[in-house]
Amino acid sequence: MKSTSLKAYTIAYLIFLYAPIALLPLFAFNDSRVIAFPLSGFTTAWFGEMWADEQLFKALKNSLIIALCTAVLATTLGVFAARASTRYRFPGKAGILGLIMLPLVLPEMIVSMSILVILLAIGIPLSLFTIILGHVLLCTPFAVAILTSAFQSLDRSLEEAACDLGETPLSTFRLIILPLVMPGIISSLLISFTISIDEFIVAYFLGGNQTVLSVYIFGQFRFPTRVPAIMSLGTVLVGLSIVLLTIAEYFRRRGIARAGGKDTGGFL
Amino acid sequence: MTTPDEKPNMIEFRDVQKYYGDYHALRGINATIRAGEFFSLLGPSGCGKTTLLRTIAGFEDISSGAVLIDGKDMARVPANARPTNMVFQSYAIFPHLSVEENVGFGLRRDPRPKDQRARAVAEALEMVGLQGYGKRAAHALSGGQRQRVALARALILKPKVLLLDEPLSALDKKMREQMQVELIRLQRQVGITFILVTHDQEEALVMSDRIAVMFEGQIAQLADPETLYRRPNSRKVADFIGTMNFLPAKVLSEGPTIEIEAEGLGRISLAPDQVMEATSGEGASIGFRPETLSILFDGQATSDREAMGTVAEVVYYGDMTYYDMKLDGASVPMRLSMRNVPGRPVLDLGARARIGWSPGAAVLFR
């Protein structure tokens with residue numbers, strides 16, 4: 001009795017989560033410009049239309065550049081912060097860490113507007129670079145959170161052992177610390193990349209005349225005839241996300257297995 | 001045992017002080033450790049023994065004083081350049097490397113060709129009884145095996161001093177006893193100075209040539225195991241190493257021998273080397289180890305001296321029985337241990353018995 005109601009709840013919840021996403025491929029292959037049931041027939045024409053759209057590719061290229069730069073920068077900053085917070089004691093540590101994590105809860109709208117005002121005031125033109133700045137600000141707290149837990153699980157005596165066996169602090173970092181926190185670094189890169197690539201508000205405010213994917217998709221919805229092509233784009237993106245996540249999870253599990261740790265849950 | 005008196009000094013502590021903020025962790029350590037010695041730092045947790053070990057390795061800066069290794073001041077020498085290697089309490093085996101990569105880690109800067117380094121790794125593994133384990137993943141090893149890998153990894157660099165930070169505390173009792181014997185064998189084989197940190201007094205007694213007993217950042221006594229056990233220089237050391245019974249005593253006269261009156265035992269005369277200075281505030285007391293007292297069963301020859309007492313507690317251990325005996329005229333019971341031999345009864349609570357003892361086994365703290 002209890003288990004059947006829980007089962008029903010679980011199924012209802014999963015439908016709520018995934019039905020909209022399941023509709024994407026359905027309409028992407030549907031032979032009609034109108035998004036409505038009943039389905040009229042099968043076509044791959046929308047994928048062709050999407051493929052031929054030069055604007056789309058330009059926006060995609062911008063998004064990838066931004067996401068890659070953001071992921072690398074936020075993760076690098078995250079490594080520094082995580083290392084500092086897990087290994088050293090310094091005055092005002094709790095306050096500084098709190099301030100680093102604060103953008104996690106600040107409204108993006110306010111953050112974007114503030115950055116915009118400052119950029120305009122000091123005369124920096126809006127570009128991909130300014131979007132990257134904003135995204136690094138948003139992603140760094142996530143990177144810090146993920147990497148702090150990775151660094152925390154590192155036994156300090158491993159570093160001392162490497163040092164004891166003749167390695168310098170730098171080579172110890174390269175030979176011991178880096179390989180052991182690599183799963184955390186990959187997670188951080190992936191999360192930052194994902195946050196950046198579908199981020200809208202910062203990209204919209206700080207992009208100037210440079211369009212990124214999320215802003216482009218939003219713009220296309222003004223033209224009803226473009227919707228099926230957007231659906232096919234969505235289908236491709238969902239497919240790529242699943243592939244990316246699977247690869248990342250594979251590396252994460254392999255990393256844990258190699259380090260002999262216990263799997264404490266990941267993305268999948 | 002080695003004859004350490006002829007050996008040169010390997011480690012020298014000169015008034016080593018260490019503060020963590022306001023906390024005074026090491027309070028003026030002065031000691032020397034000789035080359036080739038198996039030396040133990042023994043004390044309860046928080047006494048500074050691990051901190052002292054880490055000042056040798058270079059993981060801990062000292063606030064003042066000096067640490068010398070083989071005659072050289074180590075003040076400006078970083079951990080990676082010191083002629084010491086360490087076996088960590090957690091073993092610190094690199095989990096992402098194989099056994100042979102772990103053992104060979106310290107040879108990364110070795111100029112020898114690859115095949116010679118590989119041979120060195122194989123020899124080190126053989127020395128600790130892990131031949132054939134080279135390709136295994138480090139995380140797949142048992143506790144005892146990890147410890148052997150840690151030993152091989154430290155010894156492969158042929159350090160002047162091997163530092164062992166409670167290396168046996170994570171092992172079960174059987175394994176620990178086995179590793180104690182192996183460590184002694186290994187130390188004799190390689191002839192390197194071993195410095196062991198432990199809180200286990202039995203372990204220190206079994207393994208060491210000399211032991212420094214530490215309390216609250218100071219060395220309370222530094223001696224060989226037998227001296228430490230038979231002639232502890234304070235009640236605190238006596239209490240920490242094994243069990244000791246104390247009876248209140250009064251000093252009557254001092255001359256070539258010291259005459260005292262002890263509760264329940266009467267007048268005793270002691271040689272000067274049996275007299276230790278008590279910590280201030282404590283009255284004089286006389287101490288006996290449990291095995292230096294015995295119950296004299298009927299028909300048994302008398303000992304040096306005898307006293308009468310009543311059994312206040314009996315604890316049966318199989319091979320041994322521990323009795324708490326209340327001597328007539330004494331305010332506190334004395335614990336004594338008797339080997340159980342066939343035909344000898346275990347006494348009941350409240351039974352009266354003759355206790356044999358010898359003044360030579362006593363230590364006076366005054």
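Modeller: A helix here is a DSSP run of H or I with at least four residues, and helices are numbered from the N terminus. The model is a predicted one.

Biologist: Why are Tyr9(A) and Tyr13(A) said to be separated by about one helical turn?

Modeller: Both belong to helix α1 (residues 2-28) of chain A and are 4 residues apart there, so about one helical turn separates them.

Biologist: How many aromatic pairs are there over all chains, and why is the pair of Tyr9(A) and Tyr13(A) called stacked or edge-to-face?

Modeller: Over all chains, 13 aromatic pairs are found. The centres of the Tyr9(A) and Tyr13(A) rings are 6.2 Å apart with the planes at 25°; centres within 6.5 Å make a pair, and planes under 30 degrees apart count as stacked, so this pair is stacked.

Biologist: Why is the pair of Phe59(B) and Phe88(B) called tilted?

Modeller: The planes are at 35° and the centres 6.0 Å apart.

Biologist: What makes Arg235(B) count as lying over the face of Phe246(B)?

Modeller: Arg235(B) is at 4.0 Å from the ring centre, and the distance limit is 6 Å. Likewise, the charged end of Lys236(B) sits over the ring of Phe215(B), 4.7 Å from its centre.

Biologist: How many disulfides are found over all chains, and how do you know that Cys139(A) is in no disulfide?

Modeller: The search finds 0 disulfides over all chains. For Cys139(A), the nearest cysteine sulfur is that of Cys69(A), 12 Å away, whereas a disulfide needs sulfur atoms within 2.5 Å. Cys139(A) has 0% relative accessibility, under the 20% limit, so it counts as buried.

Biologist: How do you know that Arg108(B) forms a salt bridge with Glu167(A)?

Modeller: Their closest N and O atoms are 2.9 Å apart, and the limit is 4 Å. This pair crosses between chains, from the loop between α2 and α3 (114-127) of chain B to the loop between α7 (156-164) and α8 (169-197) of chain A. Glu167(A) also meets Arg109(B) in a salt bridge, at 2.7 Å from N to O.

Biologist: Is Glu167(A) buried or exposed, and why?

Modeller: Its relative accessibility is 0%, and buried means under 20%, so Glu167(A) is buried. Arg108(B), at 39%, counts as partly exposed.

Biologist: What makes Arg230(B) and Glu226(B) a salt bridge?

Modeller: Their closest N and O atoms are 3.7 Å apart, which is within 4 Å. The two residues are 4 apart in helix α7 (residues 225-230) of chain B, so about one helical turn separates them.

Terms used. Residues numbered from 1 in each chain as written. Chains lettered and ligands numbered in written order. Predicted model: local features only at pLDDT ≥ 70, side-chain atom pairs only at ≥ 80, totals over all residues. Heavy atoms only, no water. Phe/Tyr/Trp six-rings, centres within 6.5 Å; stacked < 30°, edge-to-face > 60°. Lys NZ or Arg CZ within 6 Å of the ring centre and 35° of its normal. Buried < 20%, exposed > 50% of the residue type's maximum accessible area, 1.4 Å probe, protein only. Salt bridge = Lys/Arg side-chain N within 4 Å of Asp/Glu carboxyl O.
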